[in-house]
Amino acid sequence: MYYITLDLEWNQAYAQKALAVQRRLCARLRGEVIQIGAVKLDKHLRVCGSYSVIVRPKHFKKIHKHVSELTGISQEMMDAGVPLPTAAENFKRFCGEDFAFLTWGPDDIPMLKDNLHIHDMPSEWLDRTYDLQVIFNKQTDGGTKQRSLEYAMEYFEIPQNLPAHDALNDAYFTALVAQKLDVKEGIRAYDVSQGQYLESSMIGDADAGDDGYVTVSEMLEDAAVCRPLCPICKKPLISKGKPLHSKGQRYTYYYECKKDGEMFLTLKLHRNFNDTWRAKRQITHATEEQIAEYKQKLDAGTIRRRARSRRSPRRRKNPAQNAE
Ligand SMILES: [Zn+2]
């Protein structure tokens with residue numbers, strides 16, 4: 001098996017433009033890929049190839065000042081880029097037959113999937129993917145913080161002798177970090193702990209340049225939460241029950257795809273630096289045990305609410321207050 005370290009750069013639109021495009025497409029589009037950088041490693045983690053392409057976006061055609069400053073990609077370079085369908089076809093060919101992706105952080109694969117989706121292109125070939133950041137944490141200090149690639153490079157004393165925020169350079173740096181880790185063991189442990197995720201991404205992440213959600217209900221009314229697509233076949237999922245709200249601002253939604261089975265969509269909410277909300281959004285296959293647990297917690301919640309309203313009869317006099 002080959003390992004492909006992947007890094008993307010994407011362009012963003014200013015809020016008004018982004019909103020108009022998303023309305024037109026009826027899809028959330030956080031950014032449009034403008035560079036794909038990848039390095040291929042053989043099973044001994046020896047570098048055996050690289051791929052880099054500048055992509056011309058279809059919707060966010062004007063380069064964002066901040067993106068240009070960060071990546072060094074100019075409007076002219078972007079305009080001369082390859083359309084995504086061609087770039088993706090070539091990239092897929094570069095990946096070959098038997099491969100797994102290694103990315104630094106959880107964002108790149110969902111971003112590429114969203115981009116392929118708006119071009120009506122298949123994306124299942126991106127499914128075998130591992131977040132090297134998680135493997136790094138596990139094999140170093142066991143922490144759960146999101147560490148930068150620069151941090152990992154310093155940790156292993158890898159000199160940073162190429163500019164960062166170039167997709168190919170970052171993919172290469174990711175490959176160098178991978179070489180310092182026990183990737184095989186990392187993947188084995190990863191499959192056990194996280195392999196069940198069909199989809200895992202951040203929504204409303206202001207740090208990543210996303211618009212945060214002003215209120216929790218705004219997030220819960222987002223199509224990504226209440227009208228999600230099946231991660232496998234991209235058809236709309238069907239709701240199977242009420243959302244479960246649990247401690248620590250967690251929400252669990254029970255969904256079904258007629259073709260791919262029952263699934264849970266979970267949200268773990270966090271505050272952004274600017275006081276808006278973001279959430280880790282994950283979709284997993286639902287096991288019988290998990291379904292039983294969800295139903296039991298939902299029932300327990302209903303009983304607790306009933307008990308509470310019995311204890312405070314005054315609340316019931318005002319029906320508006322009880323409308324949950
Ligand atoms: Zn499906």
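Donors are N, O and S atoms within 2.8 Å of the metal. In this predicted model, the protein donors of the zinc ion are the SG atoms of Cys230, Cys233 and Cys257 together with an OD atom of Asp260. These atoms lie 1.9 to 2.3 Å from the zinc ion.

The arrangement of the donors can be considered next. The angles among the 4 donor atoms run from 102 to 116 degrees, and the site is tetrahedral; four donors count as tetrahedral because all angles lie between 85 and 135 degrees. Along the chain, the donors of the zinc ion are spaced as C-x2-C-x23-C-x2-D. Within this pattern, Cys230 and Asp260 are 30 residues apart and link distant parts of the chain. Cys230 belongs to the loop between helix 11 (223-226) and strand 8 (238-239), whereas Asp260 is found in the loop between strand 10 (250-257) and strand 11 (261-271). Cys230 and Asp260 are both buried.

The site is part of a protein with 14 helices and 12 strands. Taken along the principal axes, the C-alpha atoms fill a box of roughly 70 × 45 × 40 Å. The radius of gyration of the protein is 22 Å, which agrees with the value near 20 Å that a compact globule of 324 residues would have.

The contacts and the surface complete the description. Of the contacts in the protein with a separation of 6 or more, 65% are between residues 24 or more positions apart. Buried residues make up 46% of the 324 residues. The protein exposes about 17500 Å², and carbon and sulfur atoms supply 51% of this area.

Technical notes
Residues are numbered from 1 along each chain as its sequence is written. This is a predicted model: local features need pLDDT of at least 70, side-chain atom pairs count only at pLDDT 80 or more; totals for chains, interfaces and linings use all residues. Side-chain values use heavy atoms; hydrogens and water are left out. Donors are N, O and S atoms within 2.8 Å of the metal (3.2 Å for Na, K and Ca); water is not among the atoms, so sites may look incomplete. Four donors count as tetrahedral if all angles lie between 85 and 135 degrees; four count as square planar and six as octahedral if opposite donors are over 155 degrees apart and all others between 65 and 115; anything else is irregular. Helices (H or I, at least four residues) and strands (E, at least two) are DSSP runs, numbered from the N terminus. Buried means under 20% relative accessible area, exposed over 50%, partly exposed in between (1.4 Å probe, protein chains only). The radius of gyration is taken over C-alpha atoms; the globule rule is 2.2 Å times the number of residues to the power 0.38. Contact means heavy atoms within 4.5 Å. Accessible areas come from the Shrake-Rupley method with a 1.4 Å probe; for residues, only the protein chains shown count as cover.
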